[in-house]
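User: Can you walk me through this model? I'd like to start with the pocket.
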Amino acid sequence: MEINLKRMLNDFSTIVSFTRTPNNGCTRFSYSYEDRQTREYLISQMEELGLSIKVDAVGNIRATYGMEIKKSSIMVGSHIDTVKNGGEYDGLTGVLVALEIIRVLKEEQVKISRPIELIIFAEEEGSNFGVTMLGSKVLTGKCGTADLKKIKNGEGDSAYDIAKSFGLRVDHAEEDVLVNEEVDAMIELHIEQGAVLETQNKSVGIVQAIAGMKTFKITLEGDSNHAGTTPMDLRQDPMAGAATIISHIRQVAKTQALPTTVATVGKIICQPNISNVIPQRVEFFVDVRDVDSEGIDLIANALTEKVNAVTTEDNLQGKIEVIGESNPVKLSSRITHAIEKTASERGYDYMKMNSGAVHDAAMMANLTDVGMIFIPSMGGKSHSPDEYTREEDIKSGGDLLLHVIKRLAVKTKETNQTSR
C-alpha cells in the first residue's frame with residue numbers, strides 16, 4: 001500500500017499556481033484571494049471523498065474520514081499559507097500527503113478503528129499579522145476573540161475584522177476550541193527547512209522536540225548629530241551600542257550557551273537612517289531558540305546585562321521588551337516510537353533530530369500525543385523561491401506516514417496494548 005505520487009503532484013501543480021507572485025516564489029497569505037482558491041480546490045477534493053468538513057472561526061479546516069466511528073481521531077495535516085515569495089513545499093506538502101493518505105485508505109477499503117482527521121491550520125506563518133500559528137493557537141484555546149481584535153496588520157486592520165470579512169464566523173472562536181480526548185494523536189509531516197538530512201544522507205527525520213523561542217525588541221536612544229563635526233568621545237550613538245550588544249549575543253550563543261541554542265538579529269530599524277548623521281534611535285530584534293529552556297534563559301540574561309552595561313557606558317536610553325514567546329515542546333514518545341518502529345520495519349535510513357522552526361504541532365502538544373516527520377530540503381533552502389524537496393523524498397515520507405497512520409488507526413493486538 002502506497003500513496004499515488006502522480007495524483008498528489010497534480011494537486012501540487014494546481015495549488016502552486018495560486019500565487020500572488022508568479023515566477024517569483026509562492027505568495028499565498030491566509031484570507032487572500034489565493035487562499036480562497038486553494039481552500040475551494042481542497043474542499044472539492046474532500047467532498048469527493050465524502051469527508052465531513054468543518055471550517056472554524058479563523059479558517060482552520062477539519063475534514064474527517066470515518067466520522068461515524070465514535071472515538072478520538074488521528075489528526076494529520078499542516079498549513080497552506082506562505083511567506084511572501086516563499087517556496088512551494090512549506091506546509092503544503094504535509095496537507096497534500098494527508099489528503100492522499102485518506103484517498104488511499106478509502107480506495108484500499110482499510111477498516112480503521114479511529115477516525116482520520118485532515119487538519120489545515122490557518123495563518124501559520126504569521127505573514128498577515130506577525131503572529132505565528134494563529135490558527136492553531138485559536139484551536140487550542142491559547143488565543144480568543146478578544147485577542148483577535150487586538151492583533152493587527154501593518155495597516156491597522158485586526159485579525160478579527162479580516163477573518164470576518166473573509167466570511168468566517170469569528171465571534172464563535174471559543175466554541176471551536178479542542179477538548180481533551182477529542183484527538184488521540186496528531187502527526188505533521190513537514191519539509192525540514194534545513195540541511196541536516198541532506199548532509200547526513202538520511203531520507204527521514206523523526207522529530208524528538210520542537211524548539212521554544214523568545215523574541216526581544218531592543219530600543220536604544222541617543223543624540224542625533226552631525227557625523228563629521230561630533231568628536232568620538234562626545235557621541236551618544238545608539239547604532240554603536242546596538243553593534244556591541246549584537247556582537248556580544250552572537251559570541252554568548254556560540255561559546256557560552258547550550259549546543260542547541262541559537263540567537264539571531266534579523267531586523268534593525270534606524271532613525272533618521274541617513275548616512276552622514278549619527279542616529280537618534282535604533283531598534284533591533286533578537287530571536288532566541290532552543291529545545292531546552294535553559295539555553296533561552298541564558299541568552300535572555302546575557303542580553304539584559306549587556307543592554308544595561310552599554311546604555312550606562314555610552315550614555316544611552318534603553319528598553320527591552322519581550323514581544324513573542326513559546327515554550328520548547330518534547331514530542332510524544334508513543335508517537336515517535338510508532339514512527340521509528342515503522343521506519344525501521346520498512347527499511348528507512350532515518351535519524352532522530354530536533355526542529356529549530358516552530359510548527360502548529362507544538363501548539364497541539366498539551367492536548368494530545370504529537371509526532372513529526374521531516375523530509376529533506378535540498379540545500380537547506382526554505383521560505384524562498386529556491387525551496388525544493390525531491391519527488392522521491394515526498395513519496396518516501398508520504399508512504400512512511402501512511403503506514404504510521406495505519407499502525408495507529410487500524411485495530412490490532414499491538415495497538416490495543418499500546419493505546420492511551
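Analyst: Ala, Val, Leu, Ile, Met, Phe, Trp, Tyr, Cys and Pro count as nonpolar, Asp, Glu, Lys and Arg as charged, and the others, Gly among them, as polar. This is a predicted model: local features need pLDDT of at least 70, side-chain atom pairs count only at pLDDT 80 or more, and totals for chains, interfaces and linings use all residues. Residues are numbered from 1 along each chain as its sequence is written, and side-chain values use heavy atoms, with hydrogens and water left out.

User: How does the lining of the largest pocket divide into nonpolar, polar and charged?
Analyst: There are 15 nonpolar, 19 polar and 13 charged residues. A pocket here is an open set of points on a 1 Å grid over the protein atoms alone, where a 1.4 Å probe fits, with protein on both sides within 12 Å along at least five of seven lines; lining residues have an atom within 4 Å of a point.

User: What volume does the largest pocket have?
Analyst: About 1500 Å³. Volume means the space filled by probe spheres set on the points, with grid points joined across faces, edges and corners.

User: New topic. How many helices and strands are in the chain?
Analyst: The chain has 13 helices and 15 strands. Its radius of gyration is 23 Å, close to the 22 Å from the globule rule for 420 residues, so the chain is as compact as a globular protein of that length. That radius is taken over C-alpha atoms, and the rule is 2.2 Å times the number of residues to the power 0.38.

User: Is Met 364 buried or exposed?
Analyst: Buried, at 0% relative accessibility. Buried means under 20% relative accessible area, exposed over 50%, partly exposed in between (1.4 Å probe, protein chains only). Met 364 sits in helix α11 (residues 360–364).

User: What is Met 364 in contact with?
Analyst: Leaving aside neighbours within four places in sequence, its contacts (heavy atoms within 4.5 Å) include Met 75, Phe 121 and Leu 178.

User: And where is Asn 85 found?
Analyst: In the loop between β3 (73–79) and α3 (92–107). Asn 85 is buried, with a relative accessible area of 19%.

Terms used: Helices (H or I, at least four residues) and strands (E, at least two) are DSSP runs, numbered from the N terminus.
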